[in-house]
Amino acid sequence: MIFFRNLLIASTMFVTIRGGIAYADDLGGQVKPPATGYVVQDKKSRVVISPGGDGIPELISVSAARRPTAVDDIGTSMTIITEKQIQTQQRRSLTDILTRQPGLNVVQTGGPGGASSIFMRGNNANEVKVRLDGMDINDGSSASGAFDAGQFVTDGMGRIEILRGPQSGLYGADAMAGVIDITTAQGEGRFRPFVRVEGGGYGNFNQTFGARGSKGRFHYNVELSHYRMDGFNNIPAYIERYYGADRQQRHEGNRNDNRGGNIRLGYDITHNFDLGLTARLIQNNNHSYSLYDLQSENAYGDRGVREQNSQNEAIVRGTAHLVSFHGMFDQVLGLGYMTNRNRWTEAGTSDGSPINPDPDYYRSSRLKVDWHGTFNLKKYGQFLIGAEHFHDTFNTSHTAASMWDSGYNTSASMDTTAGYGQYQGNWNHILYGAANIRYDANSRYGNHVTWRVAPAIHVPGTGTIIKASAGSGFHGPSLYQLFANQVGAGYSEKGNPNLKAEQLIGYDAGVEQKLLHDHLNFGATWYDNRVRNLIQSSVSVDSSYNYTYSYANVAKARMYGVEAFLNWKALNTLEFNLSYTWTHARDATDGAELQRRPQHKFNFNTTWTPIRDLTFSGNILYTSAWRDVPVIGGATCSVCARGHGYFTIDVAANYKVNRYVSVYARADNLLNRQFEDPIGYLQPGRAGYGGFMLNY
């Protein structure tokens, strides 16, 4: 650990010194790429791209190997979503865009703005690592440490890369199922301000404005947004009938108010040395009325039960990027900080007394220092080394309110120091691949070594690519799971400081085929993951019937399945995209299906531009049945209920009136399918939306 910390300090000094002599390297006579860009080079071409900017070739991955790599040249199974795709499909929330992707199942409670969970390849939601501009943003204030996409809007997002399969060999803890890597769009060109106003169903009224561009060595992208939803009732009709809901309860709607800011700034100090700063700020208030609030009122006699969650989140990261020795060494030094403040309250009375007169607070912070450098060995490949250090803190508190509510105040922290290395290369432009290894030292749950290999074979003259990958992963327990301490009369919740990290071994293999001059591309991938030391909730009851809830490493699981896709560019103005996912996820100890993992998922999307300034987009999503928690009756197991499968049809249209004005409209859930996901939480029915954008 001391070695890695010293390495980070030395790197900081090196970047500072090199910044002072950067111009000296320019005297070598060779032309270098802009400091804000990367070079992808093969025997045919030399492509310079700007990470996160407009116009990035979608066949270039920046995340799969932590450096720009052609998608065909690495065995990682991945999906790349561009800013243009997000805008064409008019997906305003991150949950909406992720729901459509292969290998993922996204569930959301309470409709827009509600808490969400992302399951990848049948793994638990907290086993998916999410990054924003290089900063790890899984929510340390939650019990499981999972990322909640419910309040993340897509404004400002220039690129989303989804890496499926264990990625801990490069990205460490929480990446055992995969990684979702988000990059903020970079400003380029002239000053371009814009305003977008949108309204529609369920009381939606949204406004976004900002500007992006560049001036000399300075480039910028600043976007501010406000999203409001009011009047969505998420309780299914059969549950309302079961609990005898009255007219007011049947029309009680959820409300969500989200304000956000996205900033990306950069300054090119020299031709090969630049500084960058990104920030995302979120402030939201979510008012909800769920089936459990209805149950409290009509089954237990409580009155006026309503819930409110207020969140304040900030994610900030600064970088220094230096290209040295005529492009042979490319390094990035980063410093990031994330803080999350959640306040949960429950209004209402029980026997004339307030149910929860004092709020519950959940707070977390994360400080990250990281460095990585890439040696370009030309025809001998590339060698990447890096180091990271994290400091995470957690606090939860609640003031005692009665003899049944003793209150609590729990604080904890942990440190993680890691180092990793990777070699990437090719043989005769036929065999490509990457291999990496990583060492993580955590102050709470010990040390872990993880690895990954990802080869790709190009069969000459056929357009056939054979891909495979294998690797290990781990997921550490959250600070809440380790140290929670909530004690009350007859009930308590206590963490387990002896929890071990979950561990996974996974592999996949697939074939991709390109035909019709690359206008037709299809393929399929088989994957298999095996997990041990799964962390699950546990409960014990003493002789006085006092219930104590905790956590334990109690289970094994196996997840395997198939991901298939077909992309066809029939015309320059017409594209079809099809994906299918089959998932088999079961507890290896008793064979039970894992919760909220549908077996089949099908998504079809088409984009048509009949005339230059008019674009249509259509999407069909089908999800099969799944096991879930029952919400009616006395069953307490997590998979005793079965959710019904569903399919939805969404359409969208964009028309550019002139260079200054664009108008657009969309209809979601066109057939007005009534479905729950998860069970007990109705999702929005048919709704229309429309708006305009002013550009300069």
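Which residue forms a salt bridge with R530? The legend to view A gives the partner. The structure shown is a predicted model.

**View A. R530 pairs with D528 in a salt bridge.** The closest N and O atoms of R530 and D528 are 3.8 Å apart. R530 is partly exposed, with a relative accessibility of 45%. D528 is buried, at 1%.

**View B. K514 and D72 form a salt bridge between parts 442 residues apart in sequence.** The closest N and O atoms of this pair are 3.4 Å apart. K514 sits in strand β27, residues 502-515. D72 sits in the loop between β4 (69-70) and β5 (77-82), so the pair ties together parts that are 442 residues apart in sequence. How accessible is K514? Its relative accessible area is 15%, so K514 counts as buried. D72 has 18% relative accessibility and is buried too. Both values fall under the 20% cut-off for buried residues.

**View C. D668 and R666 form a salt bridge with both residues buried.** The closest N and O atoms of D668 and R666 lie 3.7 Å apart.

**View D. Seven residues are joined into one salt-bridge network.** The members are R66, K129, D136, K368, E388, R438 and D440. They are linked through salt bridges that share partners. For the model, the salt-bridge count comes to 32.

**View E. C637 and C640 form a disulfide.** How many disulfides are counted in the model? The count comes to one. The sulfur atoms of C637 and C640 are 1.5 Å apart. A disulfide is a covalent bond between the sulfur atoms of two cysteines. The link of C637 and C640 is right-handed, with 135 degrees about the S-S bond. Is C637 buried, partly exposed or exposed? C637 is partly exposed, with a relative accessible area of 30%. C640 is also partly exposed, at 42%.

**View F. Ten nonpolar residues make a surface patch of about 780 Å².** The patch is made by V195, F209, V222, L224, I611, Y655, V657, V663, F692 and L694. Which elements give two or more residues to it? They are β14 (218-232) and β37 (687-695). F209, one of the patch residues, lies in strand β13, residues 204-215. F209 is partly exposed, with a relative accessible area of 45%.

Definitions and conventions: Residues are numbered from 1 along each chain as its sequence is written. This is a predicted model: local features need pLDDT of at least 70, side-chain atom pairs count only at pLDDT 80 or more; totals for chains, interfaces and linings use all residues. Side-chain values use heavy atoms; hydrogens and water are left out. Patches are made of residues with over 30% relative accessible area and no salt bridge: like charges are joined within 9 Å, nonpolar side chains (Val, Leu, Ile, Met, Phe, Trp, Tyr) within 5 Å. Accessible areas come from the Shrake-Rupley method with a 1.4 Å probe; for residues, only the protein chains shown count as cover. A salt bridge is a side-chain nitrogen of Lys or Arg within 4 Å of a carboxyl oxygen of Asp or Glu. Helices (H or I, at least four residues) and strands (E, at least two) are DSSP runs, numbered from the N terminus. Buried means under 20% relative accessible area, exposed over 50%, partly exposed in between (1.4 Å probe, protein chains only). A disulfide is a pair of cysteine sulfur atoms within 2.5 Å.
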